[in-house]
Structures are given as C-alpha cells and as structure tokens.
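User: Hey, I'm new to this one. Could you walk me through it?

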Amino acid sequence: MYNITASMRYASMANPKASNEEYLFWHKYWNMIRDVVLGEIMIKNRTTHYLPRFEDQTDEEYRAYLQRAIFYNMTARTVNSLTGAVHVRDPIIENLPDSIDLLNVTKDGQSFNAFAKKMTRELITTGRYGILIDAPEEGGDPYFAPYVAEDILDWSFTTIRGRTKVKKVVLREYVSVENNVGTNTIDDFVRVLLLDDTGIYRQRIYPDGDPTSPSYMEITPLRNGEVLRGYRDWE
C-alpha cells in the first residue's frame, strides 16, 4: 500500500520545520519520489510541475494536453517487486516473551509482518524509516511507533570515549483535534529524544511544533522504575 497520506501532506511543505542540511537536501526529492510511486493520478494532479505547458497554449488546450499524456509507472513496479522479493518468505522470530503479540505491534493494531512490509516499502522509496519503541505512560506492552523520512527532522551525534552515540533526534508527530464545529483537524507537534549531560534519556514535547521554543513538556522514560542511560556501557 502506498503512503498516500505522506505524499499529500508533505508535498505542500515548501519550508519544512527542519534545520538538518541532509534533510533539507533530500526533502524535495522525497516529494518527487512519492509522486512518481503514486503514479499518473498524482503526476497529473501536479499539472505544470511535471508537464510544462507550451507558451501559446490556452487553458482548454493544456487540459486536453494533460489528459492525453501517459505516465508509465516503472518506479512503482520496481518498489512492488523489490518489496515482494524481500518478503517472499515470512520472517522467523523465536524466543520472544509470551507478552509480545506479533499480531498487534503498533498503536493501530498492525501485525509484525504488515509493519515489516510497510517499513521495507518506505526504505526502498525514501531510503530511511524510523522506529521508536514506546510504551503507554500508564503501563502496558511496548509498541512500534513508526516515522517516515519526512518526519525525522533532525539528528545529531556525540563521541564518548571514542564511540559515537546518537545525542538527539527530532521527530514530528500528528494528532487529530476536534474543533468547535465538530470536525477534526490535524495538528503537528515535535518530540525531541535526547541524552542529557549525565547520559539520561529524556523526551521533550513541543506543542507548537518548534523545537527551539522555550515552552515544552519534559518526560523521563523509565524501565522497571529506573531511568535509561545512553552511556551505561562506558560507566
């Protein structure tokens, strides 16, 4: 299944909330790749972005010209073929705790196999895909929280005793909000994963979507009542 939501949502973001140079370089190409994978409908929906009009064409002539155009989608066929080749056999997973349900590994109830195929398709399409292992604040089984390439806004590393560790990751998330007329809108916010100066793993939530804002909520994830330390291997 193609990621139509990602294609429609990110194509209109001419100025994404990101400062990472690698992200900013690839962003425009991710938009193009998603359009191409979705095929002729999306290509024609972009009109002159992919099919420029002739100087003397009227609007009616251009619409007819666009309607006659044919886009043969070899990109989608390649993505489908490569995804199928990777998943020609289901993965074999052993020695998992009984509490892990492979038929329900995400918040929306995806099976592990379905999630793995989606991950493979995204990796083939954009070259990156993020998975955050999270758990409900009130307790419960952990789950996979996926992030497409466009939602991994920034990242940085640090070196501790000659070893490179991820220092910070900035993620964009979305929440459906019901407005005063009873319809839902989609708001975005930013979640920053970081290791503080003592090596403790923390999360910061920026409701306004700006990771430079002084207004945020901080969370310190715990495991069995203890904080998580990114530098434990060297202490």
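Analyst: Here is a quick tour, starting with the overall make-up and moving on to details.

Analyst: This is a predicted model, where local features need pLDDT of at least 70, side-chain atom pairs count only at pLDDT 80 or more, and totals for chains, interfaces and linings use all residues. Residues are numbered from 1 along each chain as its sequence is written, and side-chain values use heavy atoms, with hydrogens and water left out.

User: Okay, how many helices and strands does the protein chain have?

Analyst: The protein chain has 6 helices and 9 strands. Helices (H or I, at least four residues) and strands (E, at least two) are DSSP runs, numbered from the N terminus.

User: And what share of the residues is buried?

Analyst: Buried residues make up 34% of the 235 residues in the protein chain. Buried means under 20% relative accessible area, exposed means over 50%, and partly exposed is in between (1.4 Å probe, protein chains only).

User: Which residues make the nonpolar surface patch?

Analyst: Phe25, Trp26, Tyr29 and Met32 form it, and the patch covers about 370 Å². Patches are made of residues with over 30% relative accessible area and no salt bridge; like charges are joined within 9 Å, nonpolar side chains (Val, Leu, Ile, Met, Phe, Trp, Tyr) within 5 Å. Tyr29 sits in helix H2 (residues 21–38) and is partly exposed, with a relative accessible area of 31%.

User: How do H2 and helix H6 pack?

Analyst: H2 and H6 (residues 112–126) pack at an angle of about 120°, their axes 9 Å apart. That makes H2 oblique to H6. Axes are lines fitted to C-alpha atoms, for helices over the stretch in contact, and angles run from 0 to 180 degrees between N-to-C directions. Under 35 degrees counts as roughly parallel, over 145 as roughly antiparallel, 65 to 115 as roughly perpendicular and the rest as oblique.

User: Which residues make that contact?

Analyst: On the H2 side, Trp30, Ile33, Arg34 and Val37; on the H6 side, Glu122, Thr125 and Thr126. Contact means heavy atoms within 4.5 Å.

User: Switching topic: how many salt bridges are there in the whole structure?

Analyst: A search of the whole structure finds 10 salt bridges. A salt bridge is a side-chain nitrogen of Lys or Arg within 4 Å of a carboxyl oxygen of Asp or Glu.

User: Why can side chains like that pair?

Analyst: Side chains of opposite charge can pair when their charged atoms come close.

User: Which residue does Arg128 form a salt bridge with?

Analyst: Its partner is Glu22, with the closest N and O atoms 2.5 Å apart. The pair links distant parts of the chain, 106 residues apart: Arg128 is in the loop between H6 and strand S1 (129–134), and Glu22 is in helix H2. Arg128 is buried, with a relative accessible area of 19%, while Glu22 is partly exposed at 37%.

User: What about Asp151 and Arg172, buried or exposed?

Analyst: Asp151 and Arg172 are buried. Their side chains meet in a salt bridge (3.0 Å, N to O). Asp151 lies in the loop between strand S2 (143–148) and strand S3 (152–160) and Arg172 in strand S4 (residues 163–178), so the pair ties together parts that are 21 residues apart in sequence.

User: Which residues are linked in a network of salt bridges?

Analyst: Arg34, Glu122 and Glu150 are linked that way.

Notes. Areas by Shrake-Rupley, 256 points an atom, 1.4 Å probe, with all protein chains shown as cover.
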